[in-house]
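Here's a quick briefing on the structure below. Have it open in your viewer as you go through the points.

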Amino acid sequence: MNIQQFFEFCLSKKGVTEHFPFDEDTLVFKVGGKMFALSSLSNWEKGMPAVNLKCDPERAEELRANYNDIKPGFHMSKIHWNTIAINGDVSDKFLRELIEHSYDLVFKSLTKKLQAEIDLGE
């Protein structure tokens, strides 16, 4: 997966916005004002692309045990976030599933009112 494919896939989800809240390097995708994906642009440029994604805690442990390129979230809660090295042993298809999972976890944590507003907005 390249940066453009990652960017377009994240933005294709309902209600998603892009931000740089920490610095001009860390691209953050949010839904309802809450983060679901973070990635360092400089790491893409260096050929070491990775993304931090939210994950169900039990699934996070299972994924880390089964994939060399899935680690505890870098600079994030190690319980709820994973860092996935892109273009390693995680296929593009599975990476899309993990992005979907992260988005869904965050979307479901939003208030019903905000979920409805996002659903109606798209």
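Leu95 is buried, at a relative accessible area of 2% (buried is under 20%, exposed over 50% and partly exposed in between, with a 1.4 Å probe and protein chains only). This is a predicted model, where local features need pLDDT of at least 70, side-chain atom pairs count only at pLDDT 80 or more, and totals for chains, interfaces and linings use all residues. Numbering starts from 1 along each chain as its sequence is written, and side-chain values use heavy atoms, leaving out hydrogens and water.

- Leu95 sits in helix 4 (helices are DSSP runs of H or I with at least four residues, strands are E runs with at least two, and both are numbered from the N terminus).
- Setting aside neighbours within four places in sequence, Leu95 touches Met1, Val51, Leu53, Ile84, Ile86 and Val90 (contact means heavy atoms within 4.5 Å).
- From Leu95 to Cys55 it's 40 residues along the chain and 12 Å between C-alpha atoms.
- The largest nonpolar core has 29 residues, and Phe6, Phe36 and Leu95 have the most contacts inside it (a core is a set of buried Ala, Val, Leu, Ile, Met, Phe, Trp, Tyr and Cys residues joined through side-chain atoms within 4.5 Å).
- Two or more residues of this core come from each of helix 1, strand 2 (26–31), strand 3, strand 4, helix 3 (57–66) and helix 4 (92–109).
- Helix 4 gives the most, with 7 residues.
- Beyond its neighbours within four places in sequence, Phe6 is in contact with Met1, Phe29, Ala37, Ser39, Trp44, Val51 and Ile99.

**Leu11, in helix 1**
- Leu11 belongs to helix 1 (residues 3–11) and counts as partly exposed because its relative accessibility is 30%.
- Neighbours within four places aside, its contacts are Val16, Glu18 and Phe29.

**Aromatics**
- There are 7 aromatic pairs (ring centres of Phe, Tyr and Trp, the last by its six-membered ring, lie within 6.5 Å; planes under 30 degrees apart are stacked, over 60 edge-to-face and the rest tilted).
- One of them is the stacked pair Tyr67 and Phe94, at 5.3 Å centre to centre with 20° between the planes.
- That pair links distant parts of the chain, 27 residues apart: Tyr67 is in the loop between helix 3 and strand 5 (70–72), and Phe94 is in helix 4.
- Tyr67 is partly exposed at 24% relative accessible area, while Phe94 is buried at 14%.
- Phe6, Phe7, Phe29, Phe36, Trp44, Tyr103 and Phe107 make up one aromatic cluster.

**Pocket and cavity**
- On a 1 Å grid over the protein atoms alone, a cavity is a set of points where a 1.4 Å probe fits but cannot get out; a pocket is an open set with protein on both sides within 12 Å along at least five of seven lines, and lining residues have an atom within 4 Å of a point.
- The largest pocket has a volume of about 360 Å³ (the space filled by probe spheres set on grid points, which are joined across faces, edges and corners).
- Its lining has 15 residues, with Thr26, Ser40, Asn52, Phe74 and His75 nearest the centre.
- Strand 3 (34–40) and strand 4 (50–54) each supply at least two lining residues of this pocket.
- There is 1 cavity of 30 Å³ or more, and the largest cavity holds about 40 Å³ of space.
- Residues lining the largest cavity include Leu53, Cys55, Ile84 and Leu98.
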